[in-house]
Amino acid sequence: PLARAARAVAMRTEALSLFRRLHRAAGMMPTSNRASFVRAKVRHEYEAHRGEPDVDRVRFLLRVGETQLDNIKSQAEHLSALFADPNLHARE
């Protein structure tokens, strides 16, 4: 029972850390609309799974969250480069 409680605390700590990293990564988006959208999605997913009792499911969700973090960072980098292109809206 004590080991189980310690594992639950560790997973909650990991989930909160991941939430914070996702939230910070959202701020890397090139527009405030996109950053707000990503932050709202992160909050929604965190709240939707906040009380998940199944340890295996929580582990899975943490792995999915790490993948999403990588995706957000990649999208932010790509979109920032795209938006920095002066020819983005150029017409021929």
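# The largest pocket and its helices

Helix α1 gives the most to the lining of the largest pocket, with eleven residues. Helices (H or I, at least four residues) are DSSP runs numbered from the N terminus, as are strands (E, at least two). The model is a predicted one: local features need pLDDT of at least 70, side-chain atom pairs count only at pLDDT 80 or more, and totals for chains, interfaces and linings use all residues. Residues are numbered from 1 along each chain as its sequence is written, and side-chain values use heavy atoms, with hydrogens and water left out.

Start with the pocket itself. Its volume is about 930 Å³. Two or more lining residues come from each of α1 (2–26), α2 (32–48) and α3 (55–84). The pocket search runs on a 1 Å grid over the protein atoms alone. A pocket is an open set of points with protein on both sides within 12 Å along at least five of seven lines, whereas a cavity is a set where a 1.4 Å probe fits but cannot get out. Lining residues have an atom within 4 Å of a point. Grid points are joined across faces, edges and corners, and the volume is the space filled by probe spheres set on them.

The lining of the largest pocket counts 33 residues. Nearest its centre lie L18, E45, Y46, H49 and L61. By type, the lining divides into 19 nonpolar, six polar and eight charged residues. Here Ala, Val, Leu, Ile, Met, Phe, Trp, Tyr, Cys and Pro are nonpolar; Asp, Glu, Lys and Arg are charged; the others, Gly among them, are polar.

Now take the helices in turn. α1 has 25 residues. From first C-alpha to last it reaches 36 Å, close to the 36 Å expected at 1.5 Å a residue. That expected span is 1.5 Å times one less than the number of residues. The buried residues of α1 are M11, L18, F19, L22, A25 and A26. Buried means under 20% relative accessible area, exposed over 50%, and partly exposed in between (1.4 Å probe, protein chains only). These buried residues of α1 pack against α2 and α3.

R21 also sits in α1. It is partly exposed, at 28% relative accessibility. Leaving aside neighbours within four places in sequence, R21 is in contact (heavy atoms within 4.5 Å) with E66 and L69. T31 is ten residues from R21 along the chain, and their C-alpha atoms are 18 Å apart.

α2 has 17 residues and reaches 24 Å, close to the 24 Å expected. Its buried residues are A35, V38 and V42. Seen down the helix axis, they fall within an arc of 70°, so they line one face of α2. The arc is that of the directions from the axis to the C-beta atoms. The face turned away carries the exposed residues S32, N33, F37 and A48. Cover for the buried residues of α2 includes α1 and α3.

Y46 belongs to α2. It touches A15, L16 and F19, not counting residues up to four places away in sequence. Its C-alpha is 9.7 Å from that of L61, 15 residues away along the chain.

The loop between α2 and α3 holds E52. With a relative accessible area of 27%, E52 is partly exposed. Apart from neighbours within four places in sequence, E52 is in contact with R57 and V58. E52 and F19 lie 33 residues apart in sequence and 15 Å apart in space, C-alpha to C-alpha.

That leaves α3. It has 30 residues and reaches 43 Å, close to the 44 Å expected. Its buried residues are V58, L62, G65, L69, I72, A76 and L79. What covers them includes α1 and α2.
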